[in-house]
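Subject: Structure handover

Hello,

I am passing this structure on to you. Please look through it first; my notes on what was found follow below.

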Amino acid sequence: MTVVAGPAAGEAAQEQIPNNSASRRDRWANIRTYISAVIILLWCLAPFYWMVVTAFRDVNYTFDNTPWPTHVTMDNFRAAFDESTGNHFLLALGNSLLVSTVTTVISLIVGVFAAYALARLNFRGKFLILGFILGASMFPGVALVTPLFQLFTRIEWIGTYQALIIPSISFVLPLTVYTLTSFFREMPWELEEAARMDGCTPGEAFRKVIMPLAAPAVFTTAILAFISAWNEFLIASQLSNESTRTVTVAIAYFAGAIPRQEPYTTVMAAGTIVTIPLVILVLIFQRRIVDGLTAGGVK
């Protein structure tokens with residue numbers, strides 16, 4: 001048996017102690033990271049979980065505090081689509097889909113060209129315009145309710161789809177322009193110049209070179225714009241009527257089968273129907289969303 005002694009053994013022991021200490025620090029750092037992730041996950045998903053549990057619970061057990069599903073029934077979902085109580089939920093779903101889709105398409109069409117111009121062209125006041133766009137995205141919507149209501153009342157637009165779409169575009173478009181500008185600014189413009197040298201017109205270079213490269217960012221921006229338009233409540237609650245209410249407003253007007261009784265379980269069922277498609281959409285396209293949000297970060 002060989003016994004290691006002398007200075008070599010001491011140096012080996014000194015090297016092993018820092019390595020063990022670093023390994024313990026890394027282990028505790030990973031544990032803290034996992035604990036933080038679990039806490040954040042529970043904090044975000046707990047309200048959604050309780051909404052789903054209440055949606056499947058019998059109306060006679062609405063305020064049951066059992067943390068897991070009990071007295072499961074589908075009556076609440078049938079009541080959400082029942083129009084006998086005046087809840088036009090299916091119509092509201094169609095209205096939200098129409099308003100959100102039109103808002104997203106128009107915002108993308110305008111936002112792509114505006115972002116390209118702000119990122120590619122040099123003109124006086126470019127950064128001032130970008131600052132105004134960013135400021136518009138931070139403007140409180142509640143300050144616009146009264147002016148918009150007065151304006152649309154005078155031109156007889158209250159209760160029309162354009163009264164919902166145009167204000168929604170004004171909120172979604174700054175987000176679209178600012179997100180796409182950040183991406184276009186980091187794109188390798190040498191590819192566009194090479195396409196121009198090969199005989200492409202500016203429009204062809206934009207269509208054949210720039211847009212394919214910008215597809216992840218455009219896709220991500222479209223999802224964010226659609227979700228933002230879908231969740232809008234304040235403006236829609238003041239500018240819509242019974243035939244043009246979006247789904248978020250329609251849920252707020254839900255009435256129960258029993259007069260003067262708040263239909264909590266029916267509201268939760270409607271909220272589940274509205275929320276689950278968005279959750280599925282994000283889960284399916286989460287990789288594209290992350291790619292789009294990080295695109296342009298590394299040139």
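Thr-101 sits in helix α3; helices (H or I, at least four residues) and strands (E, at least two) are DSSP runs, numbered from the N terminus. Thr-101 counts as partly exposed because its relative accessibility is 34%; buried means under 20% relative accessible area, exposed over 50%, and partly exposed in between (1.4 Å probe, protein chains only). Its side chain reaches the backbone oxygen of Leu-97 at 2.6 Å. Thr-101 and Ala-222 are 121 residues apart in sequence, and their C-alpha atoms are 9.4 Å apart in space.

Two notes on how to read all this. The model is predicted, and local features need pLDDT of at least 70, side-chain atom pairs count only at pLDDT 80 or more, while totals for chains, interfaces and linings use all residues. Residues are numbered from 1 along each chain as its sequence is written, and side-chain values use heavy atoms, with hydrogens and water left out.

The overall picture is as follows. The chain has 12 helices and zero strands. Buried residues make up 32% of its 299 residues. Among contacts (heavy atoms within 4.5 Å) between residues at least 6 apart in sequence, 69% join residues at least 24 apart. The chain exposes about 18500 Å², of which carbon and sulfur atoms supply 66%; accessible areas come from the Shrake-Rupley method with a 1.4 Å probe, and for residues only the protein chains shown count as cover.

Next, the cores. A nonpolar core is a set of buried Ala, Val, Leu, Ile, Met, Phe, Trp, Tyr and Cys residues joined through side-chain atoms within 4.5 Å. The largest one has 16 residues, and Val-112, Tyr-116, Leu-180, Phe-183, Phe-184, Ile-210 and Val-218 touch the most other members. At least two residues of this core come from each of α3 (89-120), α6 (161-185) and α8 (202-230), and α8 gives the most, with six residues. Apart from neighbours within four places in sequence, Ile-210 is in contact with Tyr-116, Phe-184, Met-187, Trp-189, Glu-192 and Ala-205. A second, separate core has 15 residues, including Leu-93, Ile-223, Val-247 and Val-274.

Helix α6 also holds Ser-168. Ser-168 counts as buried because its relative accessibility is 6%. Not counting residues up to four places away in sequence, Ser-168 touches Thr-103 and Ala-229.

A cavity is a set of points, on a 1 Å grid over the protein atoms alone, where a 1.4 Å probe fits but cannot get out, and lining residues have an atom within 4 Å of a point. Grid points are joined across faces, edges and corners, and a volume is the space filled by probe spheres set on the points. The largest cavity has about 80 Å³ of space. Its lining includes Gly-86, His-88, Asn-95, Glu-242, Arg-245 and Phe-254, and α3 gives the most to that lining, with three residues.

Last, two backbone angles. Most residues other than glycine have a negative phi. His-71, in the loop between α1 (7-55) and α2 (75-81), has a positive phi near 50 degrees. Glu-156, in the loop between α5 (142-154) and α6, has a positive phi of about 60 degrees although it is not a glycine. His-71 counts as partly exposed, at 36% relative accessibility, whereas Glu-156 is exposed, with a relative accessible area of 68%.

Regards

Notes:
A polar contact is a pair of N or O atoms within 3.5 Å; within protein, one must be able to donate a hydrogen and the other to accept it, and residues adjacent in sequence count only if both atoms are side-chain atoms. On a 1 Å grid over the protein atoms alone, a cavity is a set of points where a 1.4 Å probe fits but cannot get out, and a pocket is an open set with protein on both sides within 12 Å along at least five of seven lines; lining residues have an atom within 4 Å of a point.
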